[in-house]
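Below are my notes on the model you asked me to look over. They are set out as numbered points.

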Amino acid sequence: MINFNKAKFIKSAPTYLQKPEKNLKEIVFVGKSNVGKSSLINALVKNKSLAKTSSKPGYTKLLNYFEIDEKFYLVDAPGYGYTASGGKLLDSFSKMMETYFDNPSLAGVVFIVDSRHKLSKDDEGFYEFIKDKGLPFILVASKSDKLNQSEKASIKKHITKDIGIEEFVLASVTKNIGLDEIRTKISQLI
Ligand SMILES: Nc1nc2c(ncn2[C@@H]2O[C@H](COP(=O)(O)OP(=O)(O)OP(=O)(O)O)[C@@H](O)[C@H]2O)c(=O)[nH]1
Ligand SMILES: [Mg+2]
């Protein structure tokens, strides 16, 4: 059993090569800027001020390592702004993240998309990228508190039918939806 409430900030790093000394597995949170990566980390550990959040996009600038229950790291990452092309990530931030994915400690990706919209080209590009790399991932559709029933049905149809991802978690940090399921899935990757 992992105690997610036992969470502490360890350090910020520009690449995984500067990661914390203690060698633990890592779960990284990835998605477009402002999708709710940092908020989701806070909700999972029940500490609203652990990871810094903002209503403005582009807030998280480095890899932020949070140690959970002395067992593994949750890694908060900047949001993407990259162009997907043949599985390569193009801009300078993306180069930084591309090297991150060669990190041997990486145990899985929490891939977050906005439940109010279809996947963007960048989301689809990132999905191709993790598929190519064969990385285990948990797909989370965030901000589900903003959806009505028919909108929930339509994002489900989009993800499962158009994109072809069978399993995903519809989540809301404000309404505490999907969080236990995400904790369970992360525990299975560790
Ligand atoms: N209604 C609602 N708002 C949310 C939810 N999750 C995040 N937000 C809001 O979305 C905004 C962005 O949240 P962040 O957690 O900072 O997003 P981020 O993905 O870390 O953004 P960057 O670090 O800039 O890439 C904030 O105003 C949050 O309060 C949610 O489940 N529901
Ligand atoms: Mg952030």
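1. Aspartate 145 has a polar side-chain atom 2.7 Å from a nitrogen atom of ligand 1, a polar contact (a pair of N or O atoms within 3.5 Å). The model is predicted: local features need pLDDT of at least 70, side-chain atom pairs count only at pLDDT 80 or more, and totals for chains, interfaces and linings use all residues. Residues are numbered from 1 along each chain as its sequence is written, chains are lettered from A and ligands numbered from 1 in the order written, and side-chain values use heavy atoms, without hydrogens and water.

2. Oxygen atoms of ligand 1 are also contacted. A polar side-chain atom of lysine 37 lies 2.7 Å from one oxygen atom, and a backbone N or O atom of glycine 36 lies 2.9 Å from an oxygen atom. Of the 660 Å² of accessible area that ligand 1 has on its own, the protein covers 87% (Shrake-Rupley method, 1.4 Å probe).

3. Which residues are closest to ligand 1? They are Lys37, Ser39, Tyr59, Thr60 and Asp145, out of 22 that surround ligand 1 (a heavy atom within 4 Å). By class, the shell holds four nonpolar, 13 polar and five charged residues; Gly counts as polar, and Asp, Glu, Lys and Arg as charged.

4. An open sheet of seven strands runs in the order E1-E3-E4-E2-E7-E8-E9, with mixed pairing. Strands are DSSP runs of E, at least two residues, numbered from the N terminus, and two strands pair if DSSP finds at least two bridges between them. Strand E1 (7-13) and strand E9 (169-170) are the edge strands, each pairing on one side only.

5. Strand E3 (residues 63-68) pairs with E1 in the antiparallel sense over six bridges. Phenylalanine 9 has phenylalanine 66 in E3 as its bridge partner.

Note on methods. Polar contact = N/O pair within 3.5 Å; in protein donor to acceptor, adjacent residues only side chain to side chain. Helix = DSSP H or I, 4+ residues; strand = E, 2+ residues; numbered from the N terminus.
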